[in-house]
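Reader: I have a model open and want to walk through a few spots in it. Can you take my questions as they come?

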Amino acid sequence: MITQPQATPAPDPYEERLRVQTARLLAYRDDGPLVTALRDKVGPGLPPVPAALAALLAIIAMAVAGMLGDGPVLLAPALVMVALVLPTAARDHLGRLDWLVPPLIRGTEFLAVILVGLAAEAPKWLLFVLIYVVGYHTYDTVYRTRQSIWPPAWVFRAGLGWELRLLIIGAGAALGVLTWVLAALTLYLGVLFAVESVTSWVRLDKESATARASAEADLEASPEEVLEQSTGEAEPT
């Protein structure tokens with residue numbers, strides 16, 4: 001008995017839109033290897049917006065209360081953010097306000113970097129350069145995904161994610177070596193994000209140029225040439 005091949009059903013447009021929305025928001029979060037490793041081990045997780053907002057307010061409260069002095073206490077902002085924001089990675093980010101999660105995470109990360117850096121008396125220009133590098137990576141990710149060009153997963157792992165960046169900075173401040181840690185981290189992330197971004201866009205330009213050249217060649221080809229290319233046989237004369 002010969003069976004007819006079954007056509008693959010087209011994806012539901014609504015479900016596809018939700019899938020893309022979730023993928024974009026997860027990419028904008030810029031989670032690193034620690035969050036990726038623990039995402040499936042935190043159960044249902046915490047509501048993303050309240051948890052991210054709580055982390056931001058807690059770090060602001062630490063600064064206002066004058067808790068960020070010298071020593072191990074400078075690791076506290078990173079630990080608070082990891083404890084509150086890491087469990088939100090298990091959620092699907094389809095809530096009405098879940099689009100706020102990535103800017104809350106990035107804003108809290110930048111605020112923690114500034115507060116810890118100033119408390120540890122790190123060079124202000126170095127703090128600015130690090131924030132610029134991470135900000136460029138965020139902008140590049142947003143722009144790419146809006147063009148349906150997804151950065152490779154290894155970039156987020158190699159970029160350490162917000163969680164490892166904050167833990168490294170907090171540990172450096174607690175140990176009194178923050179300037180050296182900031183310099184090394186900024187140099188590493190700057191080279192990583194710049195090289196990966198440039199090579200990806202150059203490769204995309206080459207692929208686009210090749211596709212345009214192929215399309216123009218097809219338009220300029222005669223009907224006989226098109227027939228020969230499609231069948232492998234020349235039209236009899």
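Reader: Where is Trp 125 placed?

Author: This is a predicted model. In it, Trp 125 belongs to helix H6, which covers residues 124–146.

Reader: Is Trp 125 buried or exposed?

Author: Exposed, because its relative accessibility is 59% and the cut-off for exposed is over 50%.

Reader: Which residues make the nonpolar surface patch with Trp 125?

Author: Phe 128, Val 129, Tyr 132, Tyr 136, Tyr 139 and Tyr 143 make it together with Trp 125. The patch comes to about 830 Å².

Reader: Switching to Glu 196. Which helix is that in?

Author: Helix H9, residues 178–220.

Reader: Why does Glu 196 count as buried?

Author: Its relative accessible area is 7%, and buried means under 20%, so Glu 196 qualifies. Leaving out residues up to four places away in sequence, Glu 196 touches Arg 144, Pro 152, Trp 154 and Val 155.

Reader: What about the fold, how many helices and strands?

Author: Ten helices and zero strands. Among contacts between residues at least 6 apart in sequence, 83% join residues at least 24 apart.

Reader: What is the average pLDDT?

Author: The average is 84, and 79% of the residues score at least 70. Residues 1–5 are below 50, and that stretch has zero contacts in the model beyond near neighbours in sequence. Where pLDDT is low, the predicted coordinates should not be read in detail.

Conventions. Residues numbered from 1 in each chain as written. Predicted model: local features only at pLDDT ≥ 70, side-chain atom pairs only at ≥ 80, totals over all residues. Heavy atoms only, no water. Helix = DSSP H or I, 4+ residues; strand = E, 2+ residues; numbered from the N terminus. Buried < 20%, exposed > 50% of the residue type's maximum accessible area, 1.4 Å probe, protein only. Contact = heavy atoms within 4.5 Å. pLDDT = per-residue confidence, 0-100. Patch = residues over 30% accessible without salt bridge, like charges linked within 9 Å, V, L, I, M, F, W, Y side chains within 5 Å. Areas by Shrake-Rupley, 256 points an atom, 1.4 Å probe, with all protein chains shown as cover. Salt bridge = Lys/Arg side-chain N within 4 Å of Asp/Glu carboxyl O.
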